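Subject: Structure handover

Hello,

Here is the structure we talked about. Please look it over, then read my notes below.

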Amino acid sequence: SKLPENNRWGIYPAIGASWDLDNVLSIDQSGWLSMVSLNGGIGQSGLLPGEDNLWKSDIRTIGNYNTLTGVTRYARENEDYTSPVSNNINAGVKLGLFGNAVFVNAEYFSNDIKDFQYQVMSPNTVGFSEEVKNGIGIKNTGANFSISANTNLGGISWNMGLLASVIANEVTAMPEDANNVLYGSISEGRPLNGFYVYASDGYYATDAEVPVDPVTGYKLSYSGVELGAGMPKFLDKNGDYTLDQNDKYYVGSQQPDVYGGFSNTFELKGFYLDALFSYAFGGSILVESVNNRYSSNVNEYNRGMFESLGVETDYYLLNTTDDGDVSMQGIAAIEKASYIRLNNLTFGYRLGDSALAKMGLQSGRIFITGKNLFTGKSGYSGLDPEEYWNSINAFNLGTTGVPQYKSVSIGLSIGL
């Protein structure tokens, strides 16, 4: 059900190797450099689509005629549809330091995906509304870095872990029919998680200022609705007097430059302290202006609203409502989403063997735990840089959820 019959089998070769250099380099395992190991691999892997029958669609019911209900497939069958292929490369090194009290790992990776699927609209004359094809290329390159340590500092046991990941994402191929449908959502040479918005330069004071197509005589429009007085002066990039995906501007990406986590555990005479941090640096969030301020048809009421309020931003998200109206959502700012968060902090005491024996217990501890006690933000005006869907800070929290809550709990855990 995932693939057509003639494309259900594939060969994906891969090879990997690792090399322990301890003996080759005559490493003293008690010295500051106590282990060196290299690893690498190259190969391919197939990627199955997440949905069944994506290449031909399921049978669905449609409307009714004379009290009878019909069934149809909404997508055109594509017998040439195949699974995308990921060409993978990785190489890494692992070091042991100070008698293997500290381990350092560094790894580079590259995943070059070919023939990723996309959907295109089909003419109604063929009897189907869309078709699934292959052809989009996506490449992910990056590195993972980690440090772990287990040592003793003056009787205090210390376990530490640090993880950092860097990834660069790029759309490497866009077939022409995919470009027509998806441009303004993704585009070749840009990150997959990019922001594409409409730009404006002030607003129209009168209807006469709106550009008019000399061939058709129609004014600049979006989704069939002509612009008018008080509306933003949207920039028509390709000069076709129609605002569509081809007129969007790329203004950034939600992908952070680096992200990861940091953990510490300290123990002394039964007392312990755990702290877990997460962080992300770089990446952006679109911050919406007042919810639905710019919406509905171009009528006298809305023209007056636009004109009296003016334009509070240079960027907008445009959409068409179910009623055929145009919703123009202003973007008040494009802010960096860098943060560091204290996800978990626990202080506790573990009962010793003698105390456990007296009480007939296998284990026992008391603790107090705090979650999300601290979030440090850089350049972000919202509540929680992790909370917003699609990295858009919507004015209406009902469409995005609520920030992660802070909590403190006290507990007792025993094992019988």
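Strand 8 and strand 9 form a hairpin, with two residues between them. Gly154 sits in the turn and has a positive phi of about 60°. Strands here are DSSP runs of E, at least two residues long, numbered from the N terminus. Two strands pair if DSSP finds at least two bridges between them.

This is a predicted model: local features need pLDDT of at least 70, side-chain atom pairs count only at pLDDT 80 or more, and totals for chains, interfaces and linings use all residues. Residues are numbered from 1 along each chain as its sequence is written, and side-chain values use heavy atoms, with hydrogens and water left out.

Strand 8 covers residues 130–153 and strand 9 covers residues 156–173. The two run antiparallel and are joined by 17 bridges. Ser146 has Leu163 of strand 9 as its bridge partner. Strand 9 also pairs with strand 16 (residues 258–268), antiparallel, over nine bridges. There, Leu163 stands opposite Gly261 of strand 16.

A second sheet to check is open, with three strands in the order 12-11-14 and mixed pairing. Strand 12 (225–226) and strand 14 (242–243) are at the edges; each has a single partner strand, so one side of each has no neighbour in the sheet. Strand 11 (residues 221–222) pairs with strand 12 in the antiparallel sense over two bridges. Tyr222 has Val225 in strand 12 as its bridge partner.

Now the charges. A salt bridge is a side-chain nitrogen of Lys or Arg within 4 Å of a carboxyl oxygen of Asp or Glu. By this rule there are three salt bridges. For burial, buried means under 20% relative accessible area, exposed over 50%, and partly exposed in between (1.4 Å probe, protein chains only).

- Glu267 and Arg350: closest N and O atoms 3.3 Å apart. The pair links distant parts of the chain, with Glu267 in strand 16 and Arg350 in strand 21 (residues 338–350), 83 residues apart.
- Lys114 and Asp112: closest N and O atoms 3.4 Å apart. Lys114 is partly exposed, at 38%. Asp112 counts as buried, at 17% relative accessibility.
- Glu209 and Lys233: closest N and O atoms 3.8 Å apart. Glu209 is in the loop between strand 10 (194–203) and strand 11, and Lys233 is in strand 13 (residues 232–234), 24 residues apart.

Best regards

Conventions. Helix = DSSP H or I, 4+ residues; strand = E, 2+ residues; numbered from the N terminus.
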